[in-house]
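Please look over this chain before going further. The report below takes it part by part.

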Amino acid sequence: MNFSFFIARHYLFAKKSHNVINIISLISAVGIMLGTMALIIILSVYNGFDGLIRSLYSVHECDLLIVPAKGKSFVPKSVTFDQIKGSSMVANFCEVVEENVFVKYDQEEAIATIKGVDSSFEKVTALKNYVVEGEFSMYHGEIPQAIVGRGIAQKIGLKVFFLNGIDFYFPSRFRPVSFINPISSLNSERVYPAGIFSIEKEFDDKYIYIPIDVARNLIEYDNGEVTSVELYLKAGINPEKAKAQFSLLLGNDFIIKNRYEQNETLYKMMGSEKLSIYLILLFVIIIISCNLFGSLAMLIMDKREDVGVLKSLGANEKCIKNIFFYEGCLISFTGIIAGIVAGLIICLLQQQFGFIKMPGNFIIEAYPVVIKWSDILATFLGVSLIGLFASKLPQRLFRKIIESKEIS
């Protein structure tokens, strides 16, 4: 066994002449343990929320989204689109018309985004699982119906069991604006509410789903125009492979977006927030490590006589320095290992029993937790570097002591 490490291990468990050194060493180890545990727990909870948000967004995101590179609309009627529609990789080919419109319900008014969808969307969408009132149905016989986000429904006072229809207004693209009778410049459509959905606030406050034919009439899209095409792939198909193949077919006139690219800003922001949390907690651990520096400095002062004896027995300066360096490493790594174990135990208990509940009326009852080994590795490496640095610093003090008259 390394001589310096053997002495350091002895110093860690031996009683010091000044009991305050034991207390500070214990505080250092506990502080590092708590900081490490907090990192594991907070990053795991963040992973849980990240997964939850992604799953919620996946409800209204398709595997691949086709939009025009220029302009706002296009007609998906060509040999190329027929090839995509008939591809063995595509399960559903959904045409979509999306636009911001003026909404009126009784005396209440709002701005909303309508999403006109076809019958294939109604079959494939998971949105029907999030209808909290009524049902997901685009037609009642021949009568067109709307599925409204909870935020919009609350804003205009809508209830599905009321018999009033929702009126949509959009400026005509072909009729001139009339200052005498402005309403004549607007197209209007009436649709009756069939259901209210609730996924997440931003989405609930924005969208209303209606039949695509009604949306086309309102916006005056003739000849089968759409604003996008949503592709839902068959199980087991790699989206990137399908994207590359369809991009070659469509050329530069269209852009194909995967799930990440459809909400790129959101996912980048979530990654940046996680990195920020990690760095902030590491900074807290740096502050905690000041206790380790103080503990080692006081230990060097306390062991001046031992240093003199070791030096007289032939131990060189590097060997003696390493004793106190290993002492700091032992304190640090004891705290790190204990913190990781404690953090994992708490995360596993939360996964199993969900004993820490979410406040308020949320879509889940308990805080979600997802443990990732990459987070554990990043935590171990980050806190270890801080511990090594804090263990190295007191060696500057050591030189002053070893050159003092008390040792000479």
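The axes of α10 and helix α14 (residues 373-392) come within 10 Å of each other and cross at roughly 35°. Axes here are lines fitted to C-alpha atoms, for helices over the stretch in contact, and angles run from 0 to 180 degrees between N-to-C directions. The crossing of α10 past α14 is right-handed. A crossing is right-handed if the near helix is turned clockwise from the far one by less than a right angle, and left-handed if anticlockwise. From α10, the contact uses K274, Y278, L282, I285 and I286. From α14, it uses D375, A378, T379, G382, V383 and I386. Contact means heavy atoms within 4.5 Å. By class, these residues are seven nonpolar, two polar and two charged. Ala, Val, Leu, Ile, Met, Phe, Trp, Tyr, Cys and Pro count as nonpolar, Asp, Glu, Lys and Arg as charged, and the others, Gly among them, as polar.

## The model and the chain

This is a predicted model, where local features need pLDDT of at least 70 and side-chain atom pairs count only at pLDDT 80 or more, while totals for chains, interfaces and linings use all residues. Residues are numbered from 1 along each chain as its sequence is written, and side-chain values use heavy atoms, with hydrogens and water left out.

The chain has 15 helices and 11 strands. Helices (H or I, at least four residues) and strands (E, at least two) are DSSP runs, numbered from the N terminus. Of the 408 residues in the chain, 48% are buried. Buried means under 20% relative accessible area, exposed over 50%, and partly exposed in between (1.4 Å probe, protein chains only). Among contacts with a separation of 6 or more, 78% join residues 24 or more positions apart.

## The largest pocket

The largest pocket has a volume of about 650 Å³. On a 1 Å grid over the protein atoms alone, a pocket is an open set of points with protein on both sides within 12 Å along at least five of seven lines, and lining residues have an atom within 4 Å of a point. Grid points are joined across faces, edges and corners, and the volume is the space filled by probe spheres set on the points.

The lining of this pocket holds 25 residues. E98, K206, Y207, Q262 and N263 lie nearest its centre. At least two lining residues come from each of α2 (19-60), β1 (64-68), β2 (90-105), α6 (201-204), β10 (228-233) and α10 (264-288). The lining divides into 11 charged, seven polar and seven nonpolar residues.

## Helix α7 and its surroundings

Helix α7 (residues 212-219) is mostly covered, with six of its eight residues buried. They are I212, V214, A215, R216, L218 and I219. These residues pack against β2, β3 (108-117), β6 (143-149), β7, β8 (186-197) and β9 (207-211). Just after α7, E220 takes a positive phi of about 65°.

F168 sits in strand β7 (residues 166-171). Its relative accessibility is 0%, so F168 counts as buried. Beyond its neighbours within four places in sequence, F168 contacts V101, F102, V103, I114, N187, S188, E189, V191, I208, I210 and L218. F168 and A110 are 58 residues apart in sequence, and their C-alpha atoms are 9.9 Å apart.

S228 belongs to strand β10. S228 is buried because its relative accessible area is 6%. Leaving aside neighbours within four places in sequence, S228 touches L65, I66, V67, F74, C94, E95 and V96.

T125 lies in the loop between α4 (119-124) and β4 (131-134). T125 counts as buried, at 5% relative accessibility. Not counting residues up to four places away in sequence, T125 is in contact with V59 and F136. T125 and E61 are 64 residues apart along the chain, and their C-alpha atoms are separated by 9.2 Å.

## Positive phi in two loops

Most residues other than glycine have a negative phi. D106 is not a glycine, yet its phi is positive, about 55°. D106 is placed in the loop between β2 and β3. D106 is partly exposed, with a relative accessible area of 42%.

N223 also has a positive phi, near 60°, and is a residue other than glycine. N223 is in the loop between α7 and β10. At 71% relative accessibility, N223 counts as exposed.

Notes
1 Å grid on protein atoms, 1.4 Å probe; cavity = no way out; pocket = protein on both sides within 12 Å on 5 of 7 lines; lining within 4 Å.
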